[in-house]
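Keep the sequence beside the structure as you read.

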Amino acid sequence: RMENILQSEKLAQRAYWLIRLRWMAIAGLAIAVFLADEVLKVALPVRQLYKMSVILLFYNFVLYDLMRYVTWKGRVASSADINRIITFQISADWIILVVILHFSGGIENPFYLYFVFHTILAGVLLSKIQSFFQATIAVILFGALILLEYLQIIPHYVLTGFVAGVDYRDEIYIFGTFFIFATTIYTVVYLTVSISEQLRRQQRDLAETNAQ
């Protein structure tokens, strides 16, 4: 019973940690859009990107209120409930990230590498199966974005003033970039999960030793 309570409290701390990281990401997005538009003079759909900042802000407040509700007055939420909230956070962040990427150049924007950060977080916070599932969601979302832009089903926003010589309809470039992206995501999640599982085993061994 005590072990379950400690596990739930640890998961709750991680969920709050994700929310705190998102506050910084929201501020970083707003500042990056302002600098790109006003200082670097990069052609961007600024209005849409600022809207995404507001959506992120509202979404994070909702998550914060949800966590406050499930942990109100010292209440200990079940590990399963907290795990679902963390999983939802990461999945929703993937979707928001790919929308932001769409409005800021798609495959032209090297910031698609930021997917790696959430891959690491998933590997640390979630189980092995959940981590690989989240990695697959990221690969599918990024692949869908570049495919839809390539087929011109959705518009492509060119990063004029930021990158040159990148063709979002160049099949070789698209395939090469997607292959590197997918293999990087799966490699990162494999390494992170392996290290996390090893650390968890060591923690269990230490706990058992202390108990004895």
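Start with helix α2, residues 46–70. Its 25 residues reach 36 Å from the first C-alpha to the last, close to the 36 Å expected at 1.5 Å a residue. That expected span is 1.5 Å times one less than the number of residues. Helices here are DSSP runs (H or I, at least four residues), numbered from the N terminus.

This is a predicted model: local features need pLDDT of at least 70, side-chain atom pairs count only at pLDDT 80 or more, and totals for chains, interfaces and linings use all residues. Residues are numbered from 1 along each chain as its sequence is written, and side-chain values use heavy atoms, with hydrogens and water left out.

Which residues of α2 are buried? They are V46, L49, M52, S53, L56, Y59, N60, L63, M67 and V70. Buried means under 20% relative accessible area, exposed means over 50%, and partly exposed lies in between (1.4 Å probe, protein chains only). An α-helix has 3.6 residues a turn, so residues three or four places apart point the same way.

Now the rings. The structure holds 13 aromatic pairs. Rings of Phe, Tyr and Trp (its six-membered ring) pair if their centres lie within 6.5 Å; planes under 30 degrees apart count as stacked, over 60 as edge-to-face and the rest as tilted. W23 and F61 have ring centres 4.9 Å apart and planes at 65 degrees, so this pair is edge-to-face. W23 lies in helix α1 (residues 2–39) and F61 in α2, so the pair ties together parts 38 residues apart in sequence. W23 is partly exposed at 28% relative accessibility, and F61 is partly exposed at 43%.

F115 and F181 also pair edge-to-face, at 5.3 Å centre to centre and 90 degrees between the planes. F115 sits in helix α4 (residues 115–125) and F181 in helix α6 (residues 171–211), 66 residues apart. Both F115 and F181 are buried.

How do the helices themselves pack? Axes are lines fitted to C-alpha atoms, for helices over the stretch in contact, and angles run from 0 to 180 degrees between N-to-C directions. α4 and α6 pack at about 30 degrees, with axes 8 Å apart. They are therefore roughly parallel. Angles under 35 degrees count as roughly parallel, over 145 as roughly antiparallel, 65 to 115 as roughly perpendicular and the rest as oblique. Helix α5 (residues 128–150) meets α6 at about 165 degrees, with axes 10 Å apart. α5 and α6 are therefore roughly antiparallel.

Technical notes:
Helix = DSSP H or I, 4+ residues; strand = E, 2+ residues; numbered from the N terminus.
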